[in-house]
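Let's take a walk through this structure together. Keep the sequence and the 3D view side by side as you read.

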Amino acid sequence: MTPRRIALVGPVASGKSTLAAAISAHTGLPRIDLDELFWGPNWTPLKTPVFHKGVRDRLAGPAWIADGNYGGEVAEMLLDRAELVVWLDLPLRVCLPRLVNRSLRRAATGEELFAGNRESYRHLLAADSILRWGPMHHHRHRRRWTARLHPDHTPDLTVVRLDRPAAIAPQLRRLGLLPAQGRGRA
């Protein structure tokens, strides 16, 4: 039986959003993008109580797939409600080229992300650029998820840790979260 509440976690540019959209399309589970709940206009984070309320309200639903890489209270809310965690534990050598390519594409196309925000070349060169932030926090987030998703801390929660890109689609097909090979893309 397909889990009804799935948390999809992992580092920047590990493929969380793309994979969450594919799982949502296949299973019909509503998608919750935690970044959409976090960011306000002009790349301004929402006030913490507002963000937490938005997350709590969305996670109260009976079925969803939520993707993001948030710690603290948001991670606790997510893990408390989830039936399954899919942890994309991909190495920096995989995520960094994806991050650079994705960010340059977004800056070139002006693709809208959250609350009207767009990546720009100027933004990518700023001190708080995702191109700096992602690699700088990659290993810290990995340590956090390694500790938080340890079986001692999650005895009643199924955690699927995927640490190689080639393993992702086959494992999620076996779980019924993606279409069988040859039926759609994933």
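**Starting from the sheet**

Strands β6 and β7 pair in the parallel sense, with 5 bridges between them. Before going on, keep in mind that this is a predicted model.

Now zoom out to the whole sheet. It is an open sheet of 5 strands in the order β2-β5-β1-β6-β7, with parallel pairing. At the edges stand β2 (31–33) and β7 (158–162), and each has a single partner strand, so one side of each is left without a neighbour in the sheet. From one strand to the next, the twist averages 15 degrees. For β2, the partner is strand β5 (residues 64–67): the two run parallel and are joined by 3 bridges. Arginine 31, for instance, has isoleucine 65 in β5 as its bridge partner.

How many of the 5 residues of strand β6 are buried? The count is 5 of the 5 residues in β6 (residues 84–88), so this strand is largely enclosed by the rest of the structure. Both of its faces are covered: Leu84, Val86 and Leu88 are buried on one side, and Val85 and Trp87 are buried on the other.

Helix α5 (residues 92–109) has 18 residues, so at 1.5 Å a residue it should span 26 Å; its end C-alpha atoms are 25 Å apart, which agrees. Val94, Cys95, Leu99, Ser103, Arg106 and Ala107 are the buried residues of α5. Look down the axis of α5 and you'll find these buried residues within an arc of 160 degrees, so they line one face of the helix. On the other side of α5, Arg93, Asn101, Ala108 and Thr109 are exposed. What do the buried residues of α5 pack against? They pack against α6 (121–124), α7 (130–148) and α8 (165–174).

Helix α3 (residues 48–59) has 12 residues and reaches 16 Å from its first C-alpha to its last, close to the 16 Å expected at 1.5 Å a residue. In α3, the residues Phe51, His52, Val55 and Leu59 are buried. Around the axis they cover an arc of only 95 degrees, which puts them on the same side of α3. The cover over these buried residues includes β2, α2 (34–38), β5 and α4 (72–81).

Phe51 belongs to one aromatic cluster along with Phe38, Trp39, Trp43, Tyr70 and Phe114. The structure has 6 aromatic pairs. In the pair of phenylalanine 38 and tryptophan 39, the ring centres are 4.9 Å apart and the planes are at 85 degrees, so the pair is edge-to-face. Phenylalanine 38 is buried, with a relative accessible area of 19%, while tryptophan 39 is partly exposed at 22%. Phenylalanine 38 also forms an edge-to-face pair with phenylalanine 51, at 5.1 Å centre to centre and with 80 degrees between the planes. Phenylalanine 38 lies in helix α2 and phenylalanine 51 in helix α3, so this pair ties together parts that are 13 residues apart in sequence.

Terms used:
Residues are numbered from 1 along each chain as its sequence is written. This is a predicted model: local features need pLDDT of at least 70, side-chain atom pairs count only at pLDDT 80 or more; totals for chains, interfaces and linings use all residues. Side-chain values use heavy atoms; hydrogens and water are left out. Helices (H or I, at least four residues) and strands (E, at least two) are DSSP runs, numbered from the N terminus. The expected span of a helix is 1.5 Å times one less than its number of residues. Buried means under 20% relative accessible area, exposed over 50%, partly exposed in between (1.4 Å probe, protein chains only). The arc is that of the directions from the helix axis to the C-beta atoms. Contact means heavy atoms within 4.5 Å. Two strands pair if DSSP finds at least two bridges between them. Axes are lines fitted to C-alpha atoms, for helices over the stretch in contact, and angles run from 0 to 180 degrees between N-to-C directions. Rings of Phe, Tyr and Trp (its six-membered ring) pair if their centres lie within 6.5 Å; planes under 30 degrees apart count as stacked, over 60 as edge-to-face and the rest as tilted.
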